[in-house]
Every structure is written in structure tokens, then in C-alpha cells.
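This report describes a protein model for a reader who is new to structural analysis. Please keep the sequence and the structure in view while reading.

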Amino acid sequence: MKLPPFSSFYGKLGAMTIARFVTIGTALLVTMVLTRIISEDVYGAYRKLWLLYLILGPAFINALASTLYYRGGAGRRDEAIAVNLLLGAAAGLLTGALALAGAGFWAEALNLPGLEAGFRLFALYMALAVFAGIAEPLFITLGRKKWLVSYSIGYNLIEGSLIIGAFMFRLDLPYIMLLMAISPALRSAFVVVASLKSMAQWPVWQALRAEASESLRYASGMFLLAVTSTAALYADKWIVALFFDSDRLYAVYEIGARKIPFVIALTSAVSAALVSEYSKLLKTGTYDAALREARNASRRLSMLLLPVLAVLFVFAEQVLFVLFGGYADSAPIFRIYLLTVLTQLVFPQSMLLALGRSDVNARFSVAELAFNVALSLALVIWIGFAGPALATLASHVFFTAAMFWYCRVYYGIRVRSLVPFRGLLPLLWGLPAVLLPGALLKYQTGLPWHGLIVAATIAAVFILIQLNPKQDAGTTSGP
């Protein structure tokens with residue numbers, strides 16, 4: 001079978017990465033502004049209102065997106081798009097209904113007395129945002145990468161402006177949540193128009209039914225995977241909201257529990273591109289091309305991110321001040337969350353998704369969620385505020401190890417086939433030299449800001465050297 005052209009892989013990866021950079025960058029910018037213009041109590045309450053959506057919204061969106069990536073490449077495109085439109089509408093309605101009907105329960109459970117209206121009015125945003133979430137895979141499937149980038153810039157600009165403007169005008173939280181629905185409403189209209197124009201005609205019922213069977217089978221596994229993985233990701237925040245009756249404390253935890261900007265965009269875009277490009281190839285039992293790209297992506301991401309992670313870990317308090325105007329109390333949580341990024345630099349789960357084994361990922365995600373919740377509850381009682389963050393780190397390690405084990409036992413894919421051990425040796429030897437001068441300035445001379453500048457400068461030079469094309473060409477990607 002002919003291998004997918006590398007230009008196609010990196011074209012898709014580039015478009016998805018830029019789009020996700022825009023989304024995450026806008027979210028970061030909005031947070032940077034909000035933490036400077038509203039109190040910690042108000043910010044904490046605002047972020048609590050997002051908790052229900054943060055579980056269901058990404059779960060439905062990821063399931064629909066993964067299904068369209070897979071079926072759009074392996075099945076019939078028009079039927080796959082039509083079925084995903086219908087599934088997106090159903091998922092959006094269900095998400096909005098859960099927020100609307102359970103508003104009182106969510107407000108009481110999350111220690112938000114008097115904010116039932118916040119959940120009710122936010123329900124419209126939830127429903128529309130889930131439906132509009134199929135935009136990225138739709139544009140990639142249609143080969144409209146430029147559309148995706150323009151779309152991302154436009155809707156993030158609108159949504160960010162709405163949020164910041166609403167808080168600057170001191171609107172009540174429930175009305176802010178309602179106003180935000182303008183952005184996903186516009187996105188939804190754009191998705192419908194683009195979908196319908198991409199089809200010669202709406203598929204006939206028999207074709208829709210056949211595609212729905214295949215899409216639902218894949219989407220059900222993907223949804224279970226997505227809902228458990230996102231639940232595992234946000235389980236610690238739910239537990240903090242339930243255990244600590246303080247919006248300020250929740251704000252402190254929520255700011256700390258942030259991975260560095262753009263990491264999720266990079267890693268999720270690589271994963272989606274691997275699934276999109278190599279799903280057909282992997283089904284034939286030919287793994288080499290996909291494994292090579294996954295290994296090379298891991299090496300490049302590590303060269304780029306590990307020096308950044310190291311600097312952020314040492315200078316967490318200074319970084320939080322620069323980004324959010326304070327929140328030094330969030331530094332311990334921030335450091336723990338930086339370590340979870342290490343598990344995202346490898347892609348065993350992407351291989352299984354490209355093989356069509358979303359059910360395997362889903363089963364291990366359920367185990368990860370159970371592990372995370374049980375450990376979070378134990379640690380929050382035992383050591384307090386930082387306990388749920390440590391449980392989240394442990395659950396990430398558990399899930400990644402389980403994925404490697406399954407790939408090795410059932411598909412013969414070894415750990416060294418996905419992890420570029422030799423390619424990382426220069427990086428591991430060089431990291432102490434990157435950190436030492438800045439760390440000495442911070443801890444020995446009491447000059448943390450000077451130390452941050454020195455460490456950041458050395459890290460930037462180190463990254464440029466490691467990612468130099470000549471260096472890259474001379475580095476083996478073998479095990």
C-alpha cells in the first residue's frame with residue numbers, strides 16, 4: 001500500500017496546530033485579563049460554572065471529531081459528515097438539557113448558592129458549543145485547512161471579546177454566561193452551511209443508516225474514552241470544589257492546575273494527524289511509517305518542551321505573576337501539573353485509535369478515572385489541598401503505562417518503537433546546564449527575576465540548537 005505523503009501529514013498537523021494555538025492562546029489571554037480585573041472570589045465562581053461543560057463538552061466534541069477523522073478517511077465522506085451533523089445536534093441538546101434540568105443540583109453540589117440561573121443560562125452555550133465542535137475535523141476532511149485557521153481566529157476573537165467586555169461592564173454572572181452563547185451560535189451556523197455546501201446532495205436514508213451504524217460503533221468507544229479521560233483530567237477540580245467551600249481557594253487551585261500554554265494543542269494535533277493519516281495503513285499490519293512519525297514527533301516535542309518545562313518548574317512563582325498578576329499560592333499545584341505533561345509526549349493511545357481500537361482506550365480510561373477519583377479522595381483527606389493534583393499526576397502515569405503494555409502485548413509495538421531514547425540523550429545531558437545558572441541566581445543570591453531571564457535565554461538558545469535542521473538530520477530516529 002502506498003504510504004501517505006509526509007507533506008499531507010504535516011499540512012494537516014500544521015493547520016490543526018495553528019487553530020488550536022489560537023484557541024488556547026485566546027483562552028490564556030482572557031484568563032490573564034480576568035485575573036487582573038476581577039477578584040479571586042468572582043473568578044473562582046465563574047470557573048466553577050464551567051465544570052459541567054468541561055466534562056461533557058470536550059467528551060462529546062472529541063468523540064465526534066475522532067469519528068469524523070476516522071470515518072472521513074476510511075469511509076464515505078458525505079455520509080460521514082451528514083451523520084456527524086446529526087450526532088452533534090443530539091449531543092448538544094443532551095448537554096444543554098443536563099445543565100438546564102439539573103441547575104439547582106449543580107449549584108448546590110459545587111458550593112455556588114444562588115447561581116442556579118448561571119447554569120440555566122449557560123445551557124444554551126453548552127448546547128451550541130458541542131454542536132459547533134465538529135468544525136475542525138470537518139474542515140480537515142474537506143481539505144480546507146485555511147478555512148480552519150481563519151475560522152479559529154474569528155470565533156476566538158468574538159468569544160474572547162464578549163467575555164472580557166461582559167466582565168468589564170460588571171454584568172451579573174448568569175447574564176455573562178448567556179451572552180457568551182453568541183459565539184457558538186455563529187460557529188454553528190457556519191458549520192451547517194459549510195457541511196451542506198460540501199455535499200452534492202443530502203445522502204439517502206439507506207446510506208445514512210449504514211454510515212450511522214459504523215460511526216456510532218466507533219463514536220461510542222470514543223465517547224466513553226473522551227468522557228472518562230476528561231473526567232479524569234477535571235476530577236481534581238470537582239473534588240476541590242466539593243471539599244472546599246471557598247471560591248477563592250478554587251480560583252487558586254484552578255490557576256495552578258494549568259498545563260503550559262499550547263502543549264495540549266501540539267500533542268492533540270499530532271495525535272489527530274496520526275489517526276487521520278495512518279488509519280488505513282495500520283489496518284494492513286504495516287506499522288513502520290506511523291511509528292516512525294510518532295517517534296519523531298515525540299523527539300521534536302521533547303526537544304521543544306522539556307527545557308521550557310524545566311524553567312517553568314524552577315521559576316513557577318515568577319511565571320504566575322507575569323501571566324496572572326499574582327497567584328503565588330498556586331505555584332505548588334502548577335509544578336505538579338507541569339509533570340503531567342511528560343506523559344503527553346508519547347503516543348501509544350494514538351496507535352490504538354488509528355487501529356480502530358477506541359474500545360481499548362475507553363476501558364483503560366475508565367480504570368484511570370476510578371484510580372484518580374479514589375486516590376484524590378484519599379489524598380485530599382490525608383494531605384489536603386495538593387492531594388488531588390498528585391492523584392491526577394499518578395493517574396496520567398497509570399494510563400500511559402497501560403497503553404504501552406497493551407500495544408506491546410497485543411500488537412508487538414515495543415516501548416522503544418514509540419519513545420526516541422537515543423534521540424533524547426543530548427537533551428537530558430544539557431538540561432542541568434540550562435537550569436543551573438538561573439537556579440543559583442534565584443536560590444543563592446535572591447535574584448529570582450534575573451535568574452528567570454538567564455534561564456529563559458539559555459533555554460531558548462538550547463532549543464534552537466537542538467531543533468537545528470542539520471542537527472535534526474544527523475539524529476537517528478531509530479530505537
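Which residues are buried in H2? They are Tyr 43, Gly 44, Ala 45, Tyr 46, Arg 47, Lys 48 and Leu 49. Helix H2 covers residues 40-49 and is mostly covered, with 7 of its 10 residues buried. Here, buried means under 20% relative accessible area, exposed means over 50%, and partly exposed lies in between, computed with a 1.4 Å probe on protein chains only. Helices are DSSP runs of H or I with at least four residues, numbered from the N terminus.

The model is predicted: local features need pLDDT of at least 70, side-chain atom pairs count only at pLDDT 80 or more, and totals for chains, interfaces and linings use all residues. Residues are numbered from 1 along each chain as its sequence is written, and side-chain values use heavy atoms, with hydrogens and water left out.

## Helix packing

Two packed helices are described by the angle between their axes and the distance between the axes. The axes are lines fitted to C-alpha atoms, for helices over the stretch in contact, and the angles run from 0 to 180 degrees between N-to-C directions.

Helix H18 (residues 358-382) packs against helix H19 (residues 387-411) at an angle of about 155 degrees, and their axes are 8 Å apart. H18 is therefore roughly antiparallel to H19. Angles over 145 degrees count as roughly antiparallel, those under 35 as roughly parallel, those from 65 to 115 as roughly perpendicular, and the rest as oblique. The crossing of H18 and H19 is right-handed. A crossing is right-handed if the near helix is turned clockwise from the far one by less than a right angle, and left-handed if anticlockwise. The contact of H18 with H19 has 17 nonpolar, 8 polar and 2 charged residues. In this scheme Ala, Val, Leu, Ile, Met, Phe, Trp, Tyr, Cys and Pro count as nonpolar, Asp, Glu, Lys and Arg as charged, and the others, Gly among them, as polar.

Helix H14 (residues 288-314) and helix H16 (residues 331-340) pack at an angle of about 165 degrees, with 9 Å between their axes. H14 is therefore roughly antiparallel to H16. The crossing of H14 and H16 is left-handed.

## Helix H22

How far apart are the end C-alpha atoms of H22? The distance is 26 Å, which agrees with the 27 Å that the 19 residues of H22 (residues 448-466) should span at 1.5 Å a residue. The expected span is 1.5 Å times one less than the number of residues. The buried residues of H22 are Gly 451, Leu 452, Ala 455, Ala 459, Phe 462, Ile 463 and Gln 466. Seen down the axis of H22, these buried residues fall within an arc of 100 degrees, so they line one face of the helix. The arc is that of the directions from the helix axis to the C-beta atoms. An α-helix has 3.6 residues a turn, so residues three or four places apart point the same way. The face of H22 turned away from its buried side carries the exposed residues Ile 453 and Leu 464.

The table lists pairs of residues with their separations along the chain and between C-alpha atoms.

| Pair | Separation in sequence | C-alpha separation |
|---|---|---|
| Ala 109 and Leu 242 | 133 residues | 6.5 Å |
| Ile 255 and Arg 47 | 208 residues | 9.9 Å |
| Cys 407 and Leu 352 | 55 residues | 7.5 Å |
| Val 130 and Ala 89 | 41 residues | 8.0 Å |

Ala 109 lies in helix H5 and is partly exposed, with a relative accessible area of 23%. Ile 255, in helix H12 (residues 247-256), is buried at 0%. Cys 407 belongs to helix H19 and is buried at 1%. Val 130 is found in helix H6 and is buried at 0%.

## Positive phi angles

Most residues other than glycine have a negative phi. Asn 111 has a positive phi of about 60 degrees although it is not a glycine, and is placed in the loop between helix H5 (103-109) and helix H6 (116-132). Arg 170 likewise has a positive phi of about 60 degrees. Arg 170 lies in the loop between helix H8 (145-168) and helix H9 (173-179), and is exposed, with a relative accessible area of 60%.

Terms used. Helix = DSSP H or I, 4+ residues; strand = E, 2+ residues; numbered from the N terminus.
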